Amino acid sequence: SSGQNTITATLFPGDGIGPEIANSVKEVFRQAQVPIQWEEHYIGNTVDPRTGSFVTYESMESVRRNGIGLKGPMTTPIGKGHKSLNLALRKELGLYANVRPCLSIPGHKTRYDNVDLVTIRENTEGEYSGLEHQVVRGVVESLKIITRQASSRVAEYAFHYAEVHGRKRVSAIHKANIMKKTDGLFLQCCREVAENYPNIVYEEVIIDNCCMMMGEWRTTRRISFETTTKHSGFCHGIFSLVKNPALFDVLVMPNLYGDIISDLCAGLIGGLGLTPSGNIGDNGLALMEAVHGTAPDIAGKNMANPTALLLSSVMMLKHLGLNDQAESIHKAILKTIEEGKYLTGDIGGSAGTSEYTKAVCENLQ
Ligand code: NAD
C-alpha cells in the first residue's frame, strides 16, 4: 500500500505440498497489498560444499541479507555425507529459538476453545548437542549441555516477545528439582532476565506439573488467576496443559522439553495443518515455517491446507511490525474457517487449496 517501503523476504516454497501452500501465501499477500517482495529459493540437488548440505550458500545468503524468510516443508534427501536441511539452516543462521503460538481457532472444534499460549524452545543445546557415546558395553552416556549464553539469550527473547505481544506472564518449564545443575542454570538465567521486566509476571513450573498437576500452584512472583483464588503467590485447582491450557501464556524451556511440549500444544488446537512456527536467529533474523511436513500423499492434488503456512506468514508480518496487514490476514483466515464453507479435507471440508485461498482473499478487509 502507498507510503510503505517494500521489504524483501526470502521464500523457500519447499517440496511436496510446499509450492501449493506457498502460492496461497503469495496470492493472499497480493490481495492484502502487503509491501513484500519475495526472493524465491529452492534446495539444490547436490550438496553445496560451502554449507555442507543441500541448502545452497546463495539461499543462506539471501536469508542473512533480508533477515526475514518464510519456509515451506522440505524433504531431506537420503544419503550420507551431508547435514540435514533443518540442521544446516539452524547452524548457518544461528536459529536459537523456536516459537509456536497456539491459538484456538473458533469454528474448528477441539476439546478446548480458549487456548492462547506461546511456546518458546531453546533450539541449540540441551540433550540435542549430539554428544553420545558408549562407556563400556551395556552403558551409554549422553551429555546434556546447558550454557549461560544460550539460556539467557532464549530467556531474553521470551520476555521481549511477551512485552511486544502484550502478554502478561512467562513460565519457565524445567526439572531443576532433579537436574539441579543444568536446569538450575537455565532457571537462574530466566530469573536474571525477569528482573528487567517488572511488568511481566515470571513463574517456574516443573515440567510434570505443567503436564498434569492438582493442588497448589506456587510462583515466585504475585499472580492472580481469576478462575481460581485471589491469593497472591499460590492458588488451588487443576493446572495443566491437558486439563486447563487457558492458564498458560508464554512458556520458555530447554530444548528437549520444548520439543515435546510444543507438539502437545499443537495437538491442543487441532494439529499439524493449523500450527505455525518461527525460528529466531542472530541479529533478530527470523525464518517462519509451518510445523507439518511435505505431505507426499496429497502433494500436487490441490488438497493441502495452507493455514499453517498462512499463519506463519502472519507471524512474519508481526515480526516485521506490519501489524495491520497481519491482523487483517489473520482475521480473514479465522472468518473463513468459522464460516466453514470452504474447508480443506484435513479439517472436515471438501474444498481445494485454491478455493480456500480464494475465500480467505474475499474475507480480507
Ligand atoms: P507430514 O506432516 O508431511 O504428513 C503427515 C500427515 O498429515 C499426512 O497424512 C499429510 O497428508 C497430513 N498433512 C500434513 N500437512 C498437511 C496440510 N498442510 N494439509 C493437509 N494435510 C496435511 O509428515 P511426514 O509424512 O512424517 O513427513 C513427510 C516428509 O516431510 C518427510 O520427508 C519429512 O522429512 C518431511 N518433513 C519436513 C519438515 C520440515 O521441513 N520442517 C517437517 C516434518 C517433516
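**A guided tour of the predicted model**

The protein averages a pLDDT of 89, and 92% of its residues score at least 70; pLDDT is the predictor's confidence in each residue, from 0 to 100. This is a predicted model, in which local features need pLDDT of at least 70 and side-chain atom pairs count only at pLDDT 80 or more, while totals for chains, interfaces and linings use all residues. Residues are numbered from 1 along each chain as its sequence is written. For the complex, the predictor gives an ipTM of 0.98 and a pTM of 0.90.

Begin by selecting residues 220-236, where pLDDT stays under 50. The model has 29 contacts beyond four places in sequence for these residues; two residues are in contact if their C-beta atoms, placed from the backbone, lie within 7 Å.

Next, select helix α9, residues 323-339. Helices (H or I, at least four residues) and strands (E, at least two) are DSSP runs, numbered from the N terminus. The 17 residues of α9 reach 24 Å from the first C-alpha to the last, close to the 24 Å expected at 1.5 Å a residue; the expected span is 1.5 Å times one less than the number of residues. Among the buried residues of α9 are Ile329, Ile333 and Ile337. A residue is buried if 20 or more other C-beta atoms lie within 10 Å of its own, exposed if 12 or fewer, and partly exposed in between, with C-beta atoms placed from the backbone. An α-helix has 3.6 residues a turn, so residues three or four places apart point the same way. The cover over the buried residues of α9 includes α1 (18-31), α8 (307-319) and α10 (353-362).

Turn now to the ligand. Of the 19 residues around the ligand, His292, Gly293, Thr294, Ala295 and Asn305 come nearest; a residue counts as near if its C-beta atom, placed from the backbone, lies within 6 Å.

Then select Leu251. Leaving aside neighbours within four places in sequence, Leu251 is in contact with Leu117, Thr119, Ile120, Ser171, Ile173 and Ile261.

Finish at Gln134, in strand β6 (residues 132-136). Is Gln134 buried or exposed? Gln134 is exposed, because 9 other C-beta atoms lie within 10 Å. Beyond neighbours within four places in sequence, Gln134 is in contact with Val139 and Val140. The C-alpha atoms of Gln134 and Ala32, 102 residues apart along the chain, are separated by 56 Å.
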